[in-house]
Amino acid sequence: MNPSLQRAVTSFYNLIYEAQTFATAMARIDTAEQEHYAGRIEGLNWVLDRCQELEEMDANLTPSSLQRILGEVKSDLEHELSVQRREKGRRADGREEALNFVADYLSSL
């Protein structure tokens, strides 16, 4: 992987980890919204699991393969968001917020 791709992937993961750290801290502080933040963490974990392919392709990652993977992740995010909106389950709001956050980030690339 070339250095600029490495920086882009590292930046993406750092964004997710910082969002997780924030949600974890807020869940401890704001007990009334604990379930909401737990949903947010769950949504971010879902994104990390979905991006596992980025780590597995580390040495062979090219701009086109990165674009393809991020396109697939964005498509999966949109599907997951539509499921969340339909179900509006017990943790849907926090998950939806996290997935929207990542989808917005990917759209800005």
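Which residue forms a salt bridge with Arg50, and how far apart are the closest N and O atoms? The legends below take up this pair first and then turn to other close-up views of the predicted model.

**View 1. The salt bridge between Asp76 and Arg50.** Asp76 is the partner, and the closest N and O atoms of the pair are 2.2 Å apart. Because Asp76 lies in helix H4 and Arg50 in helix H2, the pair ties together parts that are 26 residues apart in sequence. With a relative accessibility of 27%, Asp76 counts as partly exposed. Salt bridges with shared partners join Arg50, Arg68, Glu72 and Asp76 into one network.

**View 2. The salt bridge between Arg50 and Glu72.** Here the closest N and O atoms are 3.5 Å apart, and the pair links distant parts of the chain, with Arg50 in helix H2 and Glu72 in helix H4, 22 residues apart. Glu72 has a relative accessibility of 29% and therefore counts as partly exposed, since that class lies between 20% and 50%.

**View 3. The salt bridge between Glu97 and Arg40.** The closest N and O atoms of this pair are 2.6 Å apart, and the two residues, Glu97 in helix H5 and Arg40 in helix H2, belong to distant parts of the chain, 57 residues apart. Glu97 is partly exposed, at a relative accessible area of 31%, whereas Arg40 is among the buried residues of H2.

**View 4. Helices H2 and H4.** Helix H2, residues 34–50, has 17 residues and reaches 24 Å from its first C-alpha to its last, close to the 24 Å expected at 1.5 Å a residue. For the 25 residues of H4 the span should be 36 Å at 1.5 Å a residue, and the end C-alpha atoms are 36 Å apart, which agrees. The buried residues of H2 include His36, Tyr37, Ile41 and Leu44, while those of H4 include Ser65, Leu66, Glu80 and Gln84.

**View 5. The largest nonpolar core.** Of the 22 residues in this core, Phe12, Ile16, Val47, Leu77, Val102 and Leu106 touch the most other members. Helices H1 (3–29), H2, H4 (63–87) and H5 (92–108) are the elements that give two or more residues to the core. Leaving aside residues up to four places away in sequence, Ile16 touches Leu44, Val47, Leu48 and Val102.

View 6. Confidence is lowest in helix H3, residues 52–56, at a mean of 71, and highest in H1, at 87.

Note on methods
Residues are numbered from 1 along each chain as its sequence is written. This is a predicted model: local features need pLDDT of at least 70, side-chain atom pairs count only at pLDDT 80 or more; totals for chains, interfaces and linings use all residues. Side-chain values use heavy atoms; hydrogens and water are left out. Helices (H or I, at least four residues) and strands (E, at least two) are DSSP runs, numbered from the N terminus. The expected span of a helix is 1.5 Å times one less than its number of residues. Buried means under 20% relative accessible area, exposed over 50%, partly exposed in between (1.4 Å probe, protein chains only). A nonpolar core is a set of buried Ala, Val, Leu, Ile, Met, Phe, Trp, Tyr and Cys residues joined through side-chain atoms within 4.5 Å. Contact means heavy atoms within 4.5 Å. pLDDT is the predictor's confidence in each residue, from 0 to 100. A salt bridge is a side-chain nitrogen of Lys or Arg within 4 Å of a carboxyl oxygen of Asp or Glu.
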